[in-house]
Amino acid sequence: MTIRLWLTFYWAAIIAAILTVAGFSILLLFERQQWGALDSALMEEADTASATLSRLSSGPAVDAIVRRLSQERDLGPRRRVRIVTGGQVIADFGDPNSQLPRVSVDQAVAGIRDGRSGAFRFAILPFRFEGARAMLEDGVDVSAIRQSIARLRTSVLLLLPLILLGAASGGYFIAGHALFPITALADDLARIEPRDLRRRVSYGDINDEVARLRRAINALLDRVERATNAERRFAADAAHELRTPLTVLRSGLEVTLARKRASAEYVEALCAASSTVIALCEMADQLLTLARLDQETSLSREHIDLGALLREVADAVEPLVQSKALALTVKAQDKVIVYGDPILLKRVVINLVDNAIKFTAKHDRIEVEMTAEAQLAIVRVADSGPGIPPRDLPFIFDRFFRAGGHERPGGGLGLSLCREILQAHRGEITAANCAAGGCEFVVTLPRAS
Ligand SMILES: Nc1ncnc2c1ncn2[C@@H]1O[C@H](COP(=O)(O)OP(=O)(O)OP(=O)(O)O)[C@@H](O)[C@H]1O
Ligand SMILES: [Mg+2]
């Protein structure tokens, strides 16, 4: 069932309830007003007559009063008046077909009663006559009032469904009109192809709810477009970056296999191929980690002693440090605990130290230092190498960016990986050149509470 039909249905149900209550109230009020005026006039006339009659004895005087009363036409076109005592009718004048109500003198109480056929309405009044209990029945023809009440009831019953039908059709039309912008929006959205995310839904000058919805959808489309473009660029860049070493590897192997060679040449070719494959594996690994970081909303989390992690990395890179005769120092406070993924955080430190080793010359210095504030742990990795050209500084955290061309080994993914890992840990990384030469990377991480 559509929203339009639901709205029409609810609208019709509310209108039906209101119309029913209003219709019945009008009927009730009309009836009360009709009967109220007649009943009090009838009762008053009966009261006056009974007061006079109670002072008389049966005979022509009583007959004259009752006859005169039965000839009154002020309340209705016909009248019937009767006086009865124990088992005797004292006087009875007026319309004989009026069908008196069945009331015995002994049980009679003053009030209004309908005649047996309903055509007459009677005022019943017990009073004392000649020292005994008597009853005056003063009735009037009320068919005209009954007819007008019946007419009003028929009109209400006929009109209610007609008004309801009109209201429901109006409701259906208004609901359709109000929902039109939503259907138009659905059509606009259906036209947006996944390949062409530049399209947007249009909104006019009216600042209504649908315009707000359209703006929100456009903002969402902006974000989806940006994310999709970034993903496409990433895939294209990755393919491009992988192609160069693969081409080098392929041509190297083809040249080697082109003719028979001495075993020393084969060893040299295999060593070259092996280092290319190692670099490719490293890049594939970094790409995989980046892709996982993009997709995963939750990382594995545990408490990590940051000082111990730094010393572990320093031990692991010791052979590399020695091969370049570098001086690596690690200064770290004890018992600084952060909460996060130990493999990923270790990767951050390895990438920074690896860069420092890679980009410094022999005999340079590398300092790894960790200090702690109330809420933050701060890791500084500084070296005395060449530093980063200032124009490249803003881009070194971009994926595949390598400052100063491609002559150095590496895929340009290390720092972007660092930044994304730290973002996932609510941390930060910054880079700056040191005044005394070399550069410095500063990592901040929230301490575990
Ligand atoms: N300690 C450093 N000294 C000088 N330049 C640096 C240093 N660290 C990073 N850079 C510059 O920043 C660039 C980006 O570093 P990043 O770690 O992202 O890539 P990479 O080391 O070239 O490759 P990968 O880390 O993927 O092997 C480097 O190419 C280098 O030019
Ligand atoms: Mg690197």
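I began with Ser50, which is buried at a relative accessible area of 6% (buried means under 20%, exposed over 50%, partly exposed in between, with a 1.4 Å probe and protein chains only). This is a predicted model, where local features need pLDDT of at least 70, side-chain atom pairs count only at pLDDT 80 or more, and totals for chains, interfaces and linings use all residues. Residues are numbered from 1 along each chain, chains are lettered from A and ligands numbered from 1 as written, and side-chain values use heavy atoms, without hydrogens and water.

Ser50 sits in helix H1 (residues 3–53); helices are DSSP runs of H or I with at least four residues, numbered from the N terminus. Its side chain reaches the backbone oxygen of Asp47 at 2.9 Å. Leaving out neighbours within four places in sequence, I found Ser50 in contact with Leu125, Phe127 and Leu136 (contact means heavy atoms within 4.5 Å).

Next, I checked H4 (residues 209–257) against H5 (residues 263–295): they pack at about 165°, axes 10 Å apart (axes are lines fitted to C-alpha atoms over the stretch in contact, and angles run from 0 to 180 degrees between N-to-C directions). That makes H4 roughly antiparallel to H5, the word for angles over 145 degrees. Phe234 and Leu253 are among the H4 residues that meet H5, whose side includes Tyr266 and Leu290.

Last, I looked at H7 (residues 342–359) and H8 (residues 414–424), which pack at about 150° with axes 9 Å apart. H7 and H8 are therefore roughly antiparallel too.

Conventions: Helices (H or I, at least four residues) and strands (E, at least two) are DSSP runs, numbered from the N terminus. Angles under 35 degrees count as roughly parallel, over 145 as roughly antiparallel, 65 to 115 as roughly perpendicular and the rest as oblique. A polar contact is a pair of N or O atoms within 3.5 Å; within protein, one must be able to donate a hydrogen and the other to accept it, and residues adjacent in sequence count only if both atoms are side-chain atoms.
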